[in-house]
Amino acid sequence: MRGLPFPAGASRPSRPQLFFGALVVESDPVVANRMKRILGHLAPERRVVLAPTCEEAEAMLASLPFDLVFVDMQLYPIGQGAALIGDVRAKLPRAQVIAMSDTDERELVLSAFASGATGYLLSDAEDADIAFALRALATGTVLDPRVAGHLLDLVAETLATPERAAAGLREESGFGACRKLELRPRSQAAADGMRRSLPD
């Protein structure tokens, strides 16, 4: 569909800049190159660097500035992805740090947000879905709908079990993860709608 014409002399509204420099820490070269292609389409001429290991990622973080970092939650050994997220958040507190994996497995999701991730993408999503989610970088949180639904289920589970909160387990539950994301009632309802729209 063609857009509406702009009046003579009027300037087109500028698109929000998604990022200036992105680092993709991903052990699977197919996924890494796919992400680089998608990011290149969304923000042409912006720097996108690939790092297959934590060691290479640390070297890149020490030598180049980044405001967007993707971290593979399935880096080996287990837990290395979460540790890297925490390290990036400490070094670059203003950067967006997006966790990635090919599964929305509960422990990975909670580990990512507990470590300071600001979003979560599933690498098995279609290119268009990943691109759509990434456009939210300019205005909000990058979150795959399947992960959003998973977090809301965890919130409901936690709120329905007061003794867990009394035992100080909120930060280890979906409640703590959603508080990190600052999911307020309106965004919770939107994410809940996305969850209900997904096939069982």
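Leaving aside neighbours within four places in sequence, which residues is Leu39 in contact with? They are Phe19, Ala22, Val24, Val48, Leu68, Phe70 and Leu134. The model is predicted. Its protein chain holds 9 helices and 5 strands, and buried residues make up 40% of the 200 residues.

**The chain as a whole**

- Along the sequence, the elements of the protein chain follow the pattern β-α-β-α-β-α-β-α-β-α-α-α-α-α.
- Among contacts in the protein chain with a separation of 6 or more, 63% are between residues 24 or more positions apart.
- The protein chain exposes about 11400 Å², and carbon and sulfur atoms supply 56% of that area.

**Leu39**

- Leu39 is found in helix α1, the helix that covers residues 29-42.
- With a relative accessibility of 1%, Leu39 counts as buried, because buried means under 20%.
- Phe19, one of the residues in contact with Leu39, is 20 residues away from Leu39 along the chain. The C-alpha atoms of Leu39 and Phe19 are separated by 9.3 Å.

**Ser101**

- Ser101 has its place in strand β4, which covers residues 96-101.
- The relative accessibility of Ser101 is 2%, so Ser101 counts as buried.
- The side chains of Ser101 and Tyr120 are joined by a polar contact of 2.9 Å.
- Apart from neighbours within four places in sequence, Ser101 is in contact with Met73, Gln74, Leu108, Tyr120, Leu121, Leu122 and Ser123.

**Salt bridges of Asp127**

- A search of the whole structure finds 6 salt bridges. Among them is one between the side chains of Asp127 and Arg34, at 2.5 Å from N to O.
- Asp127 lies in helix α5 (residues 127-134) and Arg34 in helix α1 (residues 29-42), so this pair ties together parts that are 93 residues apart in sequence.
- The side chain of Asp127 also meets that of Arg37 in a salt bridge, at 2.6 Å from N to O.
- Arg37 lies in helix α1 and Asp127 in helix α5, so the pair ties together parts that are 90 residues apart in sequence.
- Asp127 counts as partly exposed, at 28% relative accessibility.
- Arg34 counts as buried, at 15% relative accessibility.
- Arg37 counts as partly exposed, at 48% relative accessibility.

**Salt bridge of Lys91 and Glu58**

- Lys91 and Glu58 meet through their side chains in a salt bridge, at 2.6 Å from N to O.
- Lys91 lies in helix α3 (residues 80-91) and Glu58 in helix α2 (residues 54-63), so the pair ties together parts that are 33 residues apart in sequence.
- Lys91 is partly exposed, with a relative accessible area of 46%.
- Glu58 is partly exposed, at 26% relative accessibility.

**Shared partners**

Technical notes
Residues numbered from 1 in each chain as written. Predicted model: local features only at pLDDT ≥ 70, side-chain atom pairs only at ≥ 80, totals over all residues. Heavy atoms only, no water. Helix = DSSP H or I, 4+ residues; strand = E, 2+ residues; numbered from the N terminus. Buried < 20%, exposed > 50% of the residue type's maximum accessible area, 1.4 Å probe, protein only. Polar contact = N/O pair within 3.5 Å; in protein donor to acceptor, adjacent residues only side chain to side chain. Contact = heavy atoms within 4.5 Å. Salt bridge = Lys/Arg side-chain N within 4 Å of Asp/Glu carboxyl O. Areas by Shrake-Rupley, 256 points an atom, 1.4 Å probe, with all protein chains shown as cover.
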